[in-house]
Amino acid sequence: MKRPNNSTTAHLLLLAVVAIWGSTFTLVKDALQDVSPLFFNLLRMALAFVALAIINHRQLRNLSRRAILSGLAVGAFLAAGYQFQTAGLARTTPAKSAFITGLVVVFVPLLTAFPLLRPRNTHAPRWNAALGALLAFAGLLFLTTPAGTRPQEIFSTIGTGDLLTLACALAFAGHLLSLAHTSPRLPAAQLATLQIGFATIFMVVTLPLGGDLRLNLTPRLILALAITSLLATAAAFTIQSWAQQHLPATHTALLLTLEPVFAWLTSLLFLHERLGPRSLAGAGLILAGIAVTELLSSSAPVPAHPA
């Protein structure tokens, strides 16, 4: 039997990673019945850090000052993204959370319009970034506001969970830009482990902002913690780093746009979440905005956010 080549393997593995990331929205939403959102994040991140520290312990010897400061900066954005996302997920649906989080792909090229934020060897945003932003913004309005909403009522009708998730997308955009500035100068194993470690510390500090702590160890919570920390974080980003070395940029971008689709499908199957015609139109516009931004880009695709 002929063995699959690296390209085929990379396509299949990255598709599996995207499916795992998409499914975590439903998995976490279900688990939040047993634990407070910010406490779940802390447990998830701490487990991921322990796993990465064990795997990369040799690369963590003799850390430079640059590595520590870079891990601190990247970890702060990562922690903010997770905190906003999970707090928002507790107040909205998995499908909405996934589609809104996907706007990170639109925010990143828009933020590179500012020279100070633009990574080295990255061009200023092109016309497709503006078009993608317009499509995504229209989709966001359709997805989060009821029909007949007047312009002055837009922000008052968008749910708190949706606004928190929008803040999460901005935080993850900051995370990806900070990675683009720091990752070329540091070993990947060091930066990956340090950012997860510092994110854990930030989550400890911000834990009181989440209100009363709640924890009820159930099989679904244990399963959610295991999948999100080990599969969706430690293993998934290792696989993604390898897969992107063997795939054309457009193929990677196309696969990454499927994450909110997997989120909606798993939410439909397990939580019976259905999107009405207006919400489906909004989701479609957001996907179109993401696709226009990514697939028509002349540079490498934005790495996927940690979902």
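Predicted model: local features only at pLDDT ≥ 70, side-chain atom pairs only at ≥ 80, totals over all residues.
Two packed helices are described by the angle between their axes and the distance between the axes.

| Helix pair | Angle between axes | Distance between axes |
|---|---|---|
| H1 (residues 6–31) and H4 | about 130 degrees | 9 Å |
| H2 (residues 37–55) and H3 (residues 65–89) | about 135 degrees | 9 Å |
| H4 and H6 (residues 127–144) | roughly 165 degrees | within 11 Å |

Let us begin with H2 and H3. Their axes pack at about 135 degrees, and the two helices are therefore oblique to each other. The reasoning uses a cut-off: an angle has to be over 145 degrees to count as roughly antiparallel. The crossing of H2 and H3 is right-handed. On the H2 side, the contact is made by Pro37, Leu38, Asn41, Arg44 and Met45, and on the H3 side by Tyr82, Gln83, Thr86 and Ala87. Sorted by class, the residues of this contact are five nonpolar, three polar and one charged.

H1 and H4 come next. They pack at an angle of about 130 degrees, with 9 Å between their axes, and that makes H1 oblique to H4. H1 passes H4 in a right-handed crossing. Here Phe25, Thr26 and Lys29 of H1 meet Pro94, Ser97, Ala98 and Thr101 of H4. This contact holds three nonpolar, three polar and one charged residues.

How do H4 and H6 lie to each other, roughly parallel or roughly antiparallel? Their axes cross at roughly 165 degrees, so H4 and H6 are roughly antiparallel. The crossing of H4 past H6 is left-handed. Lys96, Phe99 and Ile100 in H4 meet Leu140, Leu143 and Thr144 in H6. By class, four of these residues are nonpolar, one is polar and one is charged.

Is Thr101 buried or exposed? With a relative accessibility of 0%, Thr101 counts as buried, because buried means under 20%. Which side chain does the side chain of Thr101 touch in a polar contact? The partner is the side chain of Gln85, at 3.4 Å.

Asn128 lies in H6 and is buried, with a relative accessible area of 3%. A polar atom of the Asn128 side chain lies 3.1 Å from the backbone oxygen of Thr293.

Leu143 also belongs to H6, and at 1% relative accessibility Leu143 counts as buried. Leaving aside neighbours within four places in sequence, Leu143 is in contact with Lys96, Phe99, Ile100, Ser279, Gly282, Ala283 and Ile286. Take Gly282 from that list: Leu143 and Gly282 are 139 residues apart in sequence, while their C-alpha atoms are 4.6 Å apart in space.

For another sequence-and-space pair, look at Asp30 in helix H1. Asp30 is partly exposed, with a relative accessible area of 24%. Asp30 and Leu103 are 73 residues apart in sequence and 23 Å apart in space, C-alpha to C-alpha.

Most residues other than glycine have a negative phi.

Asn62 lies in the loop between H2 and H3. Although Asn62 is not a glycine, its phi is positive, at about 55 degrees. Asn62 is exposed, with a relative accessible area of 78%.

Where is His272 found? His272 is in the loop between helix H12 (259–270) and helix H13 (277–295). The phi of His272 is near 55 degrees, a positive value in a residue other than glycine. His272 counts as exposed, at 61% relative accessibility.

Technical notes
Residues numbered from 1 in each chain as written. Heavy atoms only, no water. Axes fitted to C-alpha atoms, helices over the stretch in contact; angles between N-to-C directions. Helix = DSSP H or I, 4+ residues; strand = E, 2+ residues; numbered from the N terminus. Parallel < 35°, antiparallel > 145°, perpendicular 65-115°, else oblique. Left-handed = near helix turned anticlockwise from the far one by under 90°. Contact = heavy atoms within 4.5 Å. Nonpolar A, V, L, I, M, F, W, Y, C, P; charged D, E, K, R; others polar. Buried < 20%, exposed > 50% of the residue type's maximum accessible area, 1.4 Å probe, protein only. Polar contact = N/O pair within 3.5 Å; in protein donor to acceptor, adjacent residues only side chain to side chain.
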